[in-house]
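Hi,

Here is the model I promised to pass on.

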Amino acid sequence: MGIPVRRFDAVIVGGGGAGLRAALQLSEAGLKTAVISKVFPTRSHTVAAQGGISASLGNVQEDRWEWHMYDTVKGSDWLGDQDAIEFMCRKAPEAVIELEHFGMPFDRLENGKIYQRPFGGHTQNNGQTPVQRACAAADRTGHAMLHTLYQRNVRANTQFFVEWMALDLIRDSEGDVVGVTALEMETGEIFILHAKAVLFATGGAGRIYAASTNAFINTGDGLGMCVRAGIPLEDMEFWQFHPTGVAGAGVLITEGVRGEGGILLNANGERFMERYAPNLKDLAPRDFVSRSMELEVLEGRGCGPHKDYVLLKLDHLGPDIIKQRLPGIREIAMKFAGVDPIKEPIPVIPTCHYMMGGIPTNYRGEVVVPKNGNDETRVNGFFAAGECACASVHGANRLGTNSLLDLVVFGKSAGDSMVKYIKEEMPTWKDLPADAGELSLARVARLDNQTGGEEVADVRIAMQRTVQARAGVFRNGANLKLGVEEIQQVAERVKRTQIKDKSKVFNTARVEALELDNLIEIALATLISAEARKESRGAHAHDDFQHRDDENWMKHTLYTGSDRSLSYKAVHTKPLSVDYIPPKERTF
């Protein structure tokens with residue numbers, strides 16, 4: 001083949017929270033485990049999670065995992081799979097206590113227990129009153145988690161390939177996954193990493209939007225690799241817009257600010273969320289708050305010279321609370337908005353934040369694909385966890401702090417599944433196919449040899465503007481249909497991109513071009529899936545179909561990239577041990 005081959009029991013693509021938690025299970029089980037990461041693991045995007053991780057510990061107020069489950073199902077607008085949601089919510093207290101024992105520096109109450117703050121959509125008694133459920137390390141919870149998990153992996157002798165980019169999934173003639181190809185970014189050399197099992201933990205893909213809280217590395221590499229390998233993507237129409245991105249900058253202002261008592265104001269100084277969500281007010285779920293903010297702007301009550309944002313007021317909390325509980329937010333506000341929140345409010349606007357869809361998995365972290373209608377079959381040797389995966393616990397809208405919980409619960413679950421698969425089902429390596437690596441070599445050669453094409457940056461901007469304009473907070477049929485046509489035109493342009501900088505020193509231009517190959521697949525999946533869904537559900541707010549349609553649309557979309565087609569599968573409505581939570585109207 002001519003491509004160097006390295007062999008491991010398990011290869012994990014992505015060094016964020018989900019990847020590190022899975023790697024820990026594998027390394028501690030004595031398996032030879034490699035983690036590939038485009039950046040140093042503690043710079044993965046998990047580091048940007050601010051507000052907390054949810055668990056029904058009941059340290060401040062009475063709480064139960066059943067209430068957490070109800071909030072998650074309701075938050076998902078009944079598109080979440082209730083077996084996976086029960087699994088996550090039941091495991092949450094155990095997962096947080098485990099992190100505490102690993103040494104994660106949670107904030108503490110005076111009695112020494114973990115501090116918990118209120119968060120959007122978290123309630124007691126199935127929606128009656130807000131509850132303090134978010135376990136926090138000031139406003140740097142993801143940062144604390146990532147460092148804690150990285151240190152545990154160093155202790156467990158996990159092997160890291162830092163500044164490596166995975167390129168393509170390798171499947172054998174039976175469709176089983178047997179490894180990945182990867183680019184060592186510094187040298188430009190391509191390797192095959194041969195494995196008994198592969199986990200994707202590649203995070204989100206928010207860079208398909210022009211305005212996003214996501215880091216520049218969030219290019220959906222795992223999803224792009226799946227599309228090219230013939231694996232469908234689930235529920236890609238659902239993108240969460242976080243209500244409070246810094247206006248004009250997109251940098252995240254955690255929901256924890258509102259959990260600590262911050263309030264949203266319009267140009268009239270009115271606390272407008274009291275009109276839209278009289279019970280939960282500023283702590284309604286994110287899709288609800290984002291739409292309310294957009295309506296305030298659209299109806300002329302926005303702030304600033306262009307009336308295009310609202311204000312997040314927290315000066316009434318007092319300097320001590322802000323400095324103790326929200327020090328990073330104060331720093332962000334001063335750097336990116338030019339305001340000190342101790343003295344004046346922060347200008348904020350909804351900004352693309354989180355991908356609810358992704359690689360279809362079950363709650364064991366196994367990748368599953370449709371077979372004979374609603375039946376599913378496992379892709380042997382292939383697992384996924386974290387934001388790139390769709391279990392689906394977030395459904396049409398994710399509750400705040402369930403993202404960090406998702407990482408550790410399903411990272412561990414996938415790790416356990418991989419240990420069992422490797423030790424019981426795959427004691428020896430399967431052979432690599434004869435053409436392993438050829439797709440990756442062809443992709444890189446195309447970039448190196450292309451002439452007369454467009455610059456990668458120009459095409460990427462065209463893609464981002466299209467997605468931003470056609471698949472935003474509010475959507476309609478004409479706009480989505482136009483978006484599908486436009487993004488398919490952009491996809492043709494991607495095929496002709498060229499890189500002028502042929503230098504192989506850190507391969508910056510090549511990496512950006514290869515990332516665009518992944519981004520365009522996700523943009524196509526998003527617009528095609530969104531155009532097809534004729535209802536409003538969670539983050540998919542459709543002006544032409546303003547109500548949820550459970551009879552026709554309580555189902556998951558599955559996008560296949562080879563022919564850009566959609567199929568559907570049923571929502572898993574049966575929990576593991578408790579009664580089904582039936583749909584009802586979402587009011588707050």
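First, some housekeeping. This is a predicted model, so I'm holding to pLDDT of at least 70 for local features and 80 or more for side-chain atom pairs, while totals for chains, interfaces and linings use all residues. Residues are numbered from 1 along each chain as its sequence is written, and side-chain values use heavy atoms, with hydrogens and water left out.

**Aromatics**

There are 14 aromatic pairs in the structure. To count, rings of Phe, Tyr and Trp (its six-membered ring) need centres within 6.5 Å; planes under 30 degrees apart are stacked, over 60 edge-to-face, and the rest tilted.

One of the pairs is W164 with F191, a tilted one at 5.0 Å centre to centre with 40 degrees between the planes. W164 belongs to strand β7 (residues 164-171) and F191 to strand β9 (residues 190-200), so this pair ties together parts 27 residues apart in sequence. (Helices, H or I with at least four residues, and strands, E with at least two, are DSSP runs numbered from the N terminus.) W164 and F191 are both buried, where buried means under 20% relative accessible area, exposed over 50%, and partly exposed in between, using a 1.4 Å probe and protein chains only.

Another pair is F383 with Y421, edge-to-face at 6.0 Å centre to centre and 70 degrees between the planes. It links distant parts of the chain, 38 residues apart: F383 is in strand β17 (residues 375-384) and Y421 in helix α11 (residues 402-425). Both F383 and Y421 are buried as well.

Which residues does A414 contact, leaving aside its neighbours within four places in sequence? They are L199, R364, G365, F383, A384 and A385, with contact meaning heavy atoms within 4.5 Å. A414 is in helix α11 and counts as buried because its relative accessibility is 0%.

Over in strand β17 you'll find V379, which is buried with a relative accessible area of 4%. Not counting residues up to four places away in sequence, V379 touches R171, G175, V177, V367 and V369. V379 and V177 are 202 residues apart along the chain, yet their C-alpha atoms are separated by 7.3 Å.

**Two open sheets**

Strands of a sheet pair through backbone hydrogen bonds, either parallel or antiparallel. For a pair to count, DSSP has to find at least two bridges between the strands.

The four-strand open sheet has the order β11-β14-β13-β12, with antiparallel pairing. Its edge strands are β11 (239-246) and β12 (263-265), each pairing on one side only. Strands β13 (residues 310-313) and β14 (residues 346-355) pair over three bridges, and V310 has V348 in β14 as its bridge partner. Helix α10 (residues 327-337) lies across β11 and β14, at about 105 degrees to β14. Angles like that one run from 0 to 180 degrees between N-to-C directions, with axes as lines fitted to C-alpha atoms, for helices over the stretch in contact.

The three-strand open sheet is also antiparallel, in the order β10-β21-β22. Six bridges join β21 (residues 555-560) to β22, and Y559 has L566 in β22 as its bridge partner. Helix α15 (residues 508-532) lies across β10, β21 and β22, running at about 140 degrees to β21.

Lastly, D287 in helix α8 (residues 286-298) is buried, at 5% relative accessibility. Beyond residues up to four places away in sequence, D287 touches N397, G538, A539 and R586.

Cheers
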